[in-house]
Amino acid sequence: MASASTTDPHIENAAAQVADVLHGELRAPQVKAFFDEPTFTVSYVVSDVATKRAAIIDSVWNFDQASGRTSFDSADKIVAYVEEQGLTVDWILETHAHADHLSAAPYLQQKLGGKMAIGREIVTVQGVFGKIFNEGTEFARDGSQFDRLLDDGDVLDIGGIPLIALHVPGHTPADMAYVVGDALFTGDTMFMPDYGSARADFPGGDARQLYRSVRRLMKLPDETRVFVCHDYKAPNRDEFVWETTMLAERIANVHIHEGVSEDDFVAMRTQRDATLSMPKLILPSLQVNMRGGHLPNPRTMACATSSSRSTCCERAVRQRAAVARPCRRRDDRPCGSADAARGRPHRRRVGHCRPRHGSCRQRDVAQQRVDVPDRPAARGSGCHCHHRTGTGRVRVLAGAGRCRAASGHRNTDG
């Protein structure tokens, strides 16, 4: 990303593109939003009405943490809309590897086609969290899970409307924003003017970079339509909203409006971040999203632990995660069969599951059968059972059990 003291041809190109739309020389895209309230995430279908070509931005794969159950309810709404409008999907885009929801990109690609793309710095995120989650060498850290890695200034086509990719680090090293015609998709950089900005305390995050990234985006014309990735309802607001203008952001953003200095922003952001809870889905989200929306390999999947000084999520993010030991069934019999024969219930052991009715309780996860513990393991331990399927073994996502951080307030600033 260009510094403030140098020319920035990519943001200048984006500004010129917005101006072309305003002057009638380029078509404006049609934008359809899909809001997932459990994760406060907004997904978008952006299309060229003339050519019926489209892109999907920041999709959601629904995941219920308490039960370990997944569904594609949110993604299916996108599928239904695309089919109803007769659109052809060319691109399925991520603004970054999200920490608060799982990506449905592979599912949408299977249903609708298109290529998956994300910023090239996803390789940095993969390197950082590959260590945190104790991933083995079989986990590729080269971004090969995606069809294309985008650099700052790259241009894609959505029919006859160009999309300019802008690298906007700060929230994470890999954040991207997308300018499609006159529409800006901010990802986790800035939110609605009355809510402010994204957090910058994840590994690789940097409040100074975030300030410079937002200031860079604010060079776009006042009339630029701005679409945010999350909304949490700001104080004194009773409804969710996700569209604004660059003029509103520039003059009214409560964190970073005109006149706020970099040092003042960094001080505010650092102080605020220290009060925020970890996103309750941070562990499964990161493990899935750094793989392009695919489930982890059960043999290398990591689990969170907790300590007296930090929650399980905080320890996993800020220190490291310990590898979970899978549930083993003696002599290939169902858990508890030996004890059941003696009329005694099977007792939990660290690293084992607590069965129900003589066998592990089943849940459907990602359209495959996966054993889920009947209740969370004791603090400091992980319980993640295996179930053999025709296509291999799948383990429930780490972090599916409850942890102390899961009850934190919803406003985690992305």
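**View A. S2 and S3, an antiparallel pair.** Strand S2 (41-48) and strand S3 (53-57) run antiparallel and are joined by five bridges. This is a predicted model, where local features need pLDDT of at least 70, side-chain atom pairs count only at pLDDT 80 or more, and totals for chains, interfaces and linings use all residues. Residues are numbered from 1 along each chain as its sequence is written, and side-chain values use heavy atoms, with hydrogens and water left out. A word on terms: helices (H or I, at least four residues) and strands (E, at least two) are DSSP runs numbered from the N terminus, and two strands pair if DSSP finds at least two bridges between them. Look for Ser47, which sits opposite Ala54 in S3. The S2 and S3 hairpin has four residues between the strands, and Lys52 there takes a positive phi near 65°.

**View B. S2, covered on both faces.** Eight of the eight residues of S2 are buried, so the strand is mostly covered (buried is under 20% relative accessible area, exposed over 50%, partly exposed in between, with a 1.4 Å probe and protein chains only). Thr41, Ser43, Val45 and Ser47 are buried on one side, and Val42, Tyr44, Val46 and Asp48 are buried on the other.

**View C. The hairpin of S1 and S2.** Seven bridges pair S1 with S2 in the antiparallel sense. Lys32 faces Val45 of S2 across the pair. Four residues lie between the two strands, and Phe40 in the turn has a positive phi of about 55°.

View D. Stepping back, six strands make an open sheet with mixed pairing, in the order S1-S2-S3-S6-S7-S8. Its edges are strand S1 (30-36) and strand S8 (148-150), each of which pairs on one side only. Neighbouring strands are turned by 25° against each other on average, direction ignored (axes are lines fitted to C-alpha atoms, for helices over the stretch in contact, and angles run from 0 to 180 degrees between N-to-C directions).

**View E. S7 and its two partners.** Four of the five residues of S7 are buried, so the rest of the structure largely encloses this strand. S6 and S7 run parallel, joined by three bridges, and Trp91 stands opposite Lys115 in S7. S7 (residues 115-119) also runs parallel to S8, again over three bridges. Here Ala117 stands opposite Arg148 in S8, and Gly119 has Leu150 as its bridge partner.

View F. S6, H3 and S7 make a right-handed β-α-β unit. The chain then crosses from S7 through helix H4 (residues 122-132) to S8, in a β-α-β crossover that is right-handed. Right-handed means that, with the strands pointing away from the viewer, the path from the first strand over the helix to the second runs clockwise.

**View G. Helix H2, with a buried face.** The 13 residues of H2 (residues 73-85) should span 18 Å at 1.5 Å a residue, and the end C-alpha atoms are 19 Å apart, which agrees; the expected span is 1.5 Å times one less than the number of residues. Ser74, Ala75, Ile78, Val79, Tyr81 and Val82 are buried. These buried residues fall within an arc of 165° seen down the axis, so they line one face of H2 (the arc is that of the directions from the helix axis to the C-beta atoms). Their cover includes S1, S2, S3, strand S4 (62-64), strand S6 (88-93) and helix H3 (105-112), with contact meaning heavy atoms within 4.5 Å. On the other side of H2, Lys77, Glu83 and Glu84 are exposed. Just after the helix, Gly86 takes a positive phi of about 70°.
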